[in-house]
Every structure is written in structure tokens, then in C-alpha cells.
Amino acid sequence: MTTTFADLGLGDDVLRAVADAGYEKPTPIQEKAIPVVLMGRDILGCAQTGTGKTASFTLPMIDILAQGRARARMPRTVILEPTRELAAQVAENFDTYGKYHKLSMALLIGGVSFTEQEKLLDRGVDVLIATPGRLLDHCERGKVILTDTKVLVIDEADRMLDMGFIPDVERIVSLMPTIRQTLMFSATMPPEIKKLADKFLMNPKEMAVDPPSSTAETVEQAFMRVRPRSKRKALRDLIKQEGDQLKNALIFCNRKREVADLFASLQKSGYPVGALHGDMDQYKRMEWLEKFRTGDVSLLICSDVAARGLDIASVSHVFNIDVPNNAEDYVHRIGRTGRAGRNGKAFTFVTEDDDKLWHAVKKLVGKEIPEIQGESSEKPASGPAEKAEAADAPRQSQDRQGQEKSKRRDRRGRRDFGIGEMEEMTVPYGQSEHVPAFLLR
Ligand code: AMP
């Protein structure tokens, strides 16, 4: 017998909102988590975005919050998210599922007006959704008091770890009452996350959906061996080669500097391209994301930080300009395509220096990833290809500088990528003869 949302114990108003959203039945994580959250138990959930994870905690939270009232500056529940986009997405979820409730919500993320959010906090909020650093700033200034928090959600815990946010999270938790309900979700469960779970959770119910290392069967993967300086040419060639099959693509780079450089380079050539990285102004990030969603731009260049967990329904291609530093990120990146049973393709460029990282990826994925050849595939040194590539050479030293910079950390241990705003558009899309026509639909 299939389980329905009503079977899970949710109240009528939440069920109405779920029906309005068009959901017919709960996803596996929702089926497992919702009754446990409603019971008041802690959860350690291993689930990626795209599994319906957000609703698995927001729906029961709305039900729980239906009783009681918030006091000034004392949020009743707190949700911690590693990135602004994810925080904004969770806030959207609350709006959708909480439409029949009168719940107040504040969003504490960089790039969103301070005064507006402080006014909300002063009135008292039921749900506070925040990135850890921003929340801590507010706590330190006495604008938020966490001693009345009943439910804490730590979402994307492994990403928090990667981004150096754990000390902030620990500090936040220390400001909360020890008797509370804590829900912790992570796409992967490395030992460090297990250790944190032991510290933050009390007798949690553990649940997992989708083993963390699984890559969707609907994603066709391939890699190409290239020299570092041939990557851009290889990308352009592959885009051209994919032709009409390429509807839209996410292009991942390891460094913000490379995101900005590749964006400038493709934009200059007239490609319909947008970009997303952690140092960009919040409004700009939202704007590019929206343009990508609506199809105004069909190529979105991103860093892992900015792209993590974004709910973009259908992406036909993923290109990895760089092999990610963490093998798990490969799974997340290619998981952006081949969603909801659709087919997708993922291409990765591998240089000689990437051998160790690539080996880790293959081990995690656990299956053969075929190699493909192209015009820019690695060839023996010297010859015309070498000369053509030399034009891009100065970029390499910039990349290395970027890499050095990305290793620096700020006083809270977060990475400092040190890059400013990106240039405004210089060439209207499609003005260059090099841009394949199918991209300019
Ligand atoms: P998430 O894993 O929370 O990022 O959710 C991924 C997507 O699944 C979002 O677009 C949700 O709106 C959608 N979704 C969540 N729950 C369900 C459900 N039970 N049925 C269909 N779609 C859902």
C-alpha cells in the first residue's frame, strides 16, 4: 500500500498546502523523516538535495509551530544553511507550505537588508533561516537570543564542514538550550560529521536515502585528457559537438577566479552565459540564476559553493572544467543533470596534475567512466596545437595565484577567495560567429 501525506500525521492545513503544490505522495526521505520530526525526536539524515529533503523538515515544523507564539528576538526554530541560495530556497518552501498558517519568518543572509530583518526579529519570529556567520553576527550584537529555540535544523552539514563553518555552528549551538530538537542532514557522512552528530544530537533516529556515492544511472559520464591551457578550447569544441542535445549546461570550476575569467571569456565571444560564485553580490547571483531558469542564458558557470543544492529542474549537460578537490563534489555536480528520470551528460576535463583527484572520483563512483578524444585531447608536446594554446598561457599563472589565494582563510576559518564583482556584459549574446546557433534559440 502506498503511503500518503495524510498517513504521516500532518495537520489539515499543511496537507492542503501540499496538495496545492501538486505533490501526490511523499518521497522516501519525507516518509521516513516526517513522523519522526512530529514525534519530537532528533534526526541524522543522509540525503541529498533533489530528494525532497527540504519538505521533510519544513512540513512537520510548520505543524509544530502552529501551536504557540514567538517572543521578541527569540526565534522558536532555527534553520542553518551553508549558502545564501539554499537559505532563500528554504524560505520559499516555508512560504509555499505555510500559506494556510500565520507564521513569521526571517532570513539572515548576506546581501539582504539588515534593518528589514531586524524589524522582523524585534517582532518575534517563528522560523529563523540563516547562514552561520550572519546569525552569529546578530547574536553577538544582541539582536538575536537563542535561549528559547525549540528546534534546530543543521542542513547540508558536510558542506558546512567543507566551508569551514563548523566552529560557527558549534558556537551557535552553545547559545541554545540543551533540551531541544535537532535535525541534522548531510549528503555524505564522513567521520567528522558523525562526530558532530554525536555532539549535537540526542539519541537520533538515523535515516538514509540514496547511498551518498551513487550517481544517477540517467547521467552519461565521460572524461577527456587535456592540457590545462586547452580546457577552454576543449569546452567550446564539446559544446559545438553536442549540438541540439545541449539545452543548457552548468559549467563547474574549482576557483572563483576561474569562474570570473571563463565567464568574461565566453561572454566576450557572445555565448549566452551567466555566472555564480560565492563572492558575487546576492542580487546578481539571484538574477543569473533566474536568467538560467528561464532560459535567457543557457550556460551557467559556477563554483561548488554557489551551486550546491540548487533546485534547477532540468539541466541537459554538466561540464567540469576542473576535477573537484573533493570526490563527493563530483557526485553533487553531475547530480544536477539527469534529474527526474531525464537523461543528462557530464563531461570532465582531466589534466596530468589531476590524476590523484580523478582516481578518487572514479573510486567513489565505482564504475568505469569512458575517455573521449577531441581536438584538444592531450597530444605529444610541440606542434601547432601547442602554439595555439600558448595564447592563453598568462592565465595559468593567474590560476595558480587564485589557487594560492583560495587556500587562505579568514579569522573564522572560512575560505577567502578574494575576488570582486564581475564585469558587466560587453558583447550582446550571439554577436560572435563562433557561437553555435543552437545555443541562441
Ligand atoms: P529538495 O530535495 O528539498 O531540494 O526538493 C527537490 C524538489 O522536489 C523541489 O522542487 C520540491 O518542490 C520537489 N518536491 C518535494 N517534495 C515532493 C513530493 N513529495 N512530490 C513531488 N515533488 C516534490
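Ile251 stands opposite Ile301 in β11. This is a predicted model, in which local features need pLDDT of at least 70, side-chain atom pairs count only at pLDDT 80 or more, and totals for chains, interfaces and linings use all residues. Residues are numbered from 1 along each chain as its sequence is written, and side-chain values use heavy atoms, with hydrogens and water left out.

Strand β9, residues 249–252, pairs in the parallel sense with β11, residues 299–302, over four bridges. Pairing requires that DSSP find at least two bridges between two strands; helices (H or I, at least four residues) and strands (E, at least two) are DSSP runs numbered from the N terminus.

Which order do the six strands of the open sheet follow? The order is β8-β13-β12-β9-β11-β10, with parallel pairing. At the edges, β8 (219–225) and β10 (273–276) each pair on one side only. Neighbouring strands are turned by 20° against each other on average, direction ignored. Axes here are lines fitted to C-alpha atoms, for helices over the stretch in contact, and angles run from 0 to 180 degrees between N-to-C directions.

Helix α11, residues 256–268, packs on this sheet and touches β9, β10 and β11, contact meaning heavy atoms within 4.5 Å. The direction of α11 makes about 170° with that of β10.

Let us turn to the helix pair. Helices α14 (residues 327–334) and α15 (residues 355–365) pack at an angle of about 65°, their axes 8 Å apart. From α14, the contact is made by Ala327, Glu328, Tyr330 and Val331; α15 contributes Trp358, Ala360, Val361, Leu364 and Val365.
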